[in-house]
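Please look over the sequence and the three-dimensional view below before reading on. The report that follows is meant to be read with both at hand.

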Amino acid sequence: MIRKVNLADAFASFSDHWSPKIAGDINDAQVKLAKFEGKFDWHHHDEEDELFLVVKGTMRMGLRTGDIDVGEGELVIIPKGVEHCPEALGGECHVLLLEPKSILNTGNVITERTVDDLERL
């Protein structure tokens, strides 16, 4: 079924942080929406690249080679194998993710923030 997704409405439909929600599927990938607050865990993904598009707020992508600040309307792509640590700056940050369906949000580590059964919007 073809449907449109209003990003503002979709983000307004949930309040939890660091728990991606599936907004749609594209081939072997998924479009996910997540709210970030504070700092996440350092991790990497052995086999998957990730795209982070900031819809609202500012995110710092911590990298061992130097941090990258990503503002509204900007995106950053993290290649597989690169250790990273997303962080919301100045409050809550709304992020659209494009990732393979196989990806685990905490990558190579399992923590209390690991979500292995994602909710669909």
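Predicted model: local features only at pLDDT ≥ 70, side-chain atom pairs only at ≥ 80, totals over all residues.

Residues are numbered from 1 along each chain as its sequence is written, and side-chain values use heavy atoms, with hydrogens and water left out.

## Overall fold

The protein chain contains one helix and seven strands, and along the sequence these elements follow the pattern α-β-β-β-β-β-β-β. Here helices (H or I, at least four residues) and strands (E, at least two) are DSSP runs, numbered from the N terminus. The radius of gyration is 13 Å, close to the 14 Å that the globule rule gives for 121 residues, so the chain is as compact as a globular protein of that length. This radius is taken over C-alpha atoms, and the globule rule is 2.2 Å times the number of residues to the power 0.38. Along its principal axes, the C-alpha trace spans about 40 × 30 × 25 Å.

Of the 121 residues, 42% count as buried, where buried means under 20% relative accessible area, exposed means over 50%, and partly exposed lies in between (1.4 Å probe, protein chains only). Among contacts (heavy atoms within 4.5 Å) with a separation of 6 or more, residues 24 or more positions apart account for 66%.

## Strand pairing

Two strands are said to pair if DSSP finds at least two bridges between them. Strand β6 is joined to β3 by eleven bridges, the two strands running antiparallel, and β6 also pairs with β2 in the antiparallel sense, over eight bridges. Individual partners can be located in the view: Phe36 has Cys93 in β6 as its bridge partner, and Gly62 stands opposite Cys85 in β6.

## Nonpolar cores

Which residues have the most contacts inside the largest nonpolar core? A nonpolar core is a set of buried Ala, Val, Leu, Ile, Met, Phe, Trp, Tyr and Cys residues joined through side-chain atoms within 4.5 Å. The largest one has 16 residues, and those with the most contacts inside it are Phe36, Phe52, Met59, Met61, Val76, Cys93 and Val95. Strands β2 (29–36), β3 (50–63), β5 (75–78) and β6 each supply at least two residues of this core, and β3 gives the most, with five residues. Apart from this core lies another, of seven residues, among them Ala10, Phe14, Val31 and Leu96.

Met61 illustrates how parts of the chain meet: not counting residues up to four places away in sequence, Met61 touches Phe52, Gly66, Asp67, Ile68, Val76, Ile78, His84, Cys85 and Pro86. In soluble globular proteins, nonpolar side chains tend to be buried together.

## Salt bridges

The structure holds seven salt bridges, a salt bridge being a side-chain nitrogen of Lys or Arg within 4 Å of a carboxyl oxygen of Asp or Glu. Three of these pairs are set out below.

| Asp25 | Lys101 | 3.8 Å |

## A loop residue

Asn108 is found in the loop between β6 and β7 and is partly exposed, with a relative accessible area of 41%. Leaving aside neighbours within four places in sequence, Asn108 is in contact with His43 and His44. Asn108 and Asp46 are 62 residues apart in sequence, and their C-alpha atoms are 7.4 Å apart in space.
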